[in-house]
Amino acid sequence: MKSFSDCYGCSLCLLSCPMWQQKRDVRFSAQGFAKSMQHGSTATDIAEELSACLMCGACDLLCPEKIDLTGMIAAGWQEAGLTDVSHTSVPDSFALSCEPEVKESLGPDDFYIIDARTFHSQYARRIKHYDALRHATGCSMNLDLNRMAIPTGIGSLSSSLGQFDLKKQIEWLIQGRTFNRIVVENPADQSMLAEITGKPVIHLSELAEVTVEHA
Amino acid sequence: MNTEQSLPDTAEPNISSLPIDPVAADALIGIPRQQTNPKRWQGEQWPEFVESLKQQGIEIRQHRAATGNYVTDAGGLAHGMPHGVVIAKDAEQIAALMKAAQKFAVPVTVRGGGLTTEGESVAFGGVLLDMTGMSHLLHIDKHALTVRTQAGIFWHHLAETLRRDDLDYLSAPLNLTSSVGGTLGVGGIDVNSSKHGCSADQAVSLQVVTPTGEIIECSDDENSELFERIILGYGQFGIITEATLRIRHYTPLRMHYFYYSSLSHAVEDLLMIDAAKSCDYSGILTMMDSAITLLVAFDCQDGSSDGGEREAAFMRNMKPKLRGYGELMFGLRLTARFAWRPWKWREALFLLRRKRELFPDLQPDHHMQGGKMLDRTVVFSRAVWKHWGDRSMVIPDLATNTEKFVEAVERGNAVCRKYFPYYTLYCVGIRLRDDHKAHYELSSIPPDAGDWAYGCEFEPMYNGEEYSRDTLQSFKNEIYDVGVELETSYYRFGGMMKGYIRRALGDEVVEKHLKLKQQADPAMILNRDVIF
């Protein structure tokens with residue numbers, strides 16, 4: 001596995017990085033971390049920057065050198081004494097998303113929020129499923145042009161430290177999208193998304209119930 | 001580094017007394033060599049300059065961890081460290097920076113995506129201004145089909161934001177991390193440039209900070225002389241802080257590939273289909289001169305039959321004239337050709353492997369729908385990075401008029417063959433605008449080009465081999481020497497290749513621009529050593 005010393009600064013990791021999107025400062029990117037460490041910084045020196053990371057894992061998939069960037073960042077968190085609050089409670093709803101009821105009850109008026117971290121950790125296996133689901137139902141999804149999931153950031157260490165502006169992120173998430181309902185995989189996203197968007201937000205598990213009610 | 005100066009005349013050569021060669025591990029020790037990187041600026045008046053910025057509330061990062069981010073560019077061959085880094089915030093901040101830089105004669109190197117290959121965005125001392133700090137889209141005019149954006153934005157992010165409104169840029173480099181400002185300064189070539197022209201020609205108006213710190217809006221109608229110099233001006237006459245660009249409605253596209261084993265046939269066919277304006281996208285991509293692909297594509301507008309009609313007309317009228325083959329027929333011909341040449345089986349295996357790796361990446365399922373490519377921005381750019389990107393890249397090129405293009409490509413190809421077993425060529429046409437001829441002076445657009453200019457990039461594929469910097473530089477020189485003989489221009493003529501500017505474009509035009517530069521930038525601090 002390649003390490004941060006292999007980063008040559010191509011900037012591809014910036015493209016789907018929610019932290020960089022908000023800060024527009026290369027220090028706040030996996031590349032910025034790697035380059036800082038290549039030039040003598042310790043994790044403690046860049047603790048502020050490290051703590052802004054959502055650990056969504058998109059950078060791992062975009063890095064042409066296949067550097068374990070989230071591994072590097074996790075090690076940095078540990079060294080800098082940061083606690084990964086977001087790691088503890090993310091349920092993996094992928095199996096649920098494969099249920100036939102989900103496909104039946106999703107429609108063009110829905111905005112489906114994939115949980116970014118679980119998606120990116122199994123990207124190769126899951127992208128086809130979500131792509132098929134999107135095409136079959138006409139719903140929109142929180143995918144960017146790279147087909148990475150745009151995370152909400154809700155419940156992250158970064159947002160709890162005030163390093164990540166959730167409102168700004170959700171505004172970006174919904175910009176230009178037309179929908180009447182939001183479906184989330186991560187229950188932690190539910191209440192804040194409802195509050196900011198003013199739309200009904202349901203968890204994936206509720207879709208099956210909705211389908212039964214409709215029937 | 002001139003080692004002669006380090007050795008006393010009478011001294012026996014003493015290896016241990018020689019300075020360490022910072023350039024290449026295999027450089028011949030003790031042999032004087034030409035310095036290709038500019039000399040590092042030594043930091044005169046730097047403390048006073050920094051103090052002046054601090055008093056104005058401008059943050060300048062001097063820690064090695066910050067400056068180290070910018071140690072090289074996409075080429076990975078030029079290395080230099082700035083004394084300090086400023087992250088661009090707004091035009092006023094940049095104006096204040098430039099005024100202080102003029103006063104204290106501190107060089108300022110402007111960097112967007114850092115996708116230069118000749119060290120043009122590497123600071124050899126002085127300030128590095130990171131424009132990605134100014135990378136927000138400001139306003140979309142859906143009626144006029146224009147977008148106003150900060151110039152540090154990557155084309156990828158511009159596309160990402162425009163797509164939310166079903167819009168797209170017109171043409172942009174096949175690279176995700178090129179910045180709008182950097183591209184407008186050099187050209188920007190896409191596979192639809194034969195239809196839409198280069199990216200620089202999409203600019204309607206610009207906000208520019210001049211080298212002396214004035215903030216000026218310019219366009220074809222307002223401050224047009226400045227506009228002329230900024231567009232394709234290689235960053236010599238100002239810093240683009242905002243740009244208004246023409247845009248269009250988003251369309252997926254349908255691709256067609258034609259395969260050739262003759263370079264000249266492929267190039268002639270490219271010229272023919274461009275001249276007939278018969279398609280929306282065209283270009284040539286090769287694996288050496290063995291597998292040559294002519295790429296043709298059409299915009300497919302939903303609800304409109306226009307794309308379909310053009311495509312059908314192309315298939316009816318142009319395809320029969322093309323000398324390329326379909327994939328199966330070409331594969332059979334290639335197999336037959338290699339079967340009788342066992343000494344070329346290694347090359348055949350390489351081609352086979354590249355095909356297996358590359359083709360799926362040119363049509364990934366999740367970027368395709370119903371045979372149409374949804375996200376060309378991403379598909380092409382990721383393929384470029386994955387299959388052609390490397391830690392050190394040299395991509396010399398020749399930019400010619402229509403008449404010289406076949407010869408330029410063939411001669412450049414011969415140079416590639418001489419230096420590398422594996423390499424690739426990328427050829428594309430650029431539609432020129434009559435009303436922008438003044439923009440093209442001292443640029444990659446050759447002065448003798450008519451309606452189209454053509455560019456060919458020659459890029460070695462290292463395939464795990466290590467090549468010395470000297471080899472790579474010699475290769476570039478030999479390609480550029482072809483250009484001198486044929487009187488072409490070059491896309492990458494700045495930085496380490498700037499020695500070719502006078503030879504290629506002549507003293508008269510260079511002197512004219514030098515005088516303009518001296519007037520605009522009295523301390524000659526902005527993007528020093530890129531051109532002048």
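In which sense do β2(B) and strand β3 of chain B pair, and over how many bridges? In this predicted model, β2(B) and β3 (residues 127-130) of chain B pair in the parallel sense over 4 bridges. Strands (E, at least two residues) and helices (H or I, at least four) are DSSP runs numbered from the N terminus, and two strands pair if DSSP finds at least two bridges between them. Arg111(B) stands opposite Asp130(B) in β3(B). The open sheet has 3 strands in the order β1-β3-β2 (chain B), with parallel pairing. Its edge strands, β1 (84-87) and β2 (108-111) of chain B, each pair on one side only.

Contacts between the chains were counted for residues whose C-beta atoms, placed from the backbone, lie within 7 Å. By this criterion, 29 residues of chain A are in contact with 31 residues of chain B. On the side of chain B that touches chain A, α2 (64-67), α4 (155-163) and α12 (376-388) of chain B each supply at least two residues. The residues of this side comprise 14 polar, 10 charged and 7 nonpolar; Ala, Val, Leu, Ile, Met, Phe, Trp, Tyr, Cys and Pro count as nonpolar, Asp, Glu, Lys and Arg as charged, and the others, Gly among them, as polar.

The model scores ipTM 0.94 and pTM 0.92. For chain B, the mean pLDDT (the predictor's confidence in each residue, from 0 to 100) is 90, and 92% of residues reach 70 or more. Over residues 1-29 of chain B, pLDDT stays under 50, and the model has 24 contacts beyond four places in sequence for them.

Residues are numbered from 1 along each chain as its sequence is written, while chains are lettered from A and ligands numbered from 1 in the order in which they are written. Local features need pLDDT of at least 70 and side-chain atom pairs count only at pLDDT 80 or more, whereas totals for chains, interfaces and linings use all residues.

How values were computed. Two residues are in contact if their C-beta atoms, placed from the backbone, lie within 7 Å.
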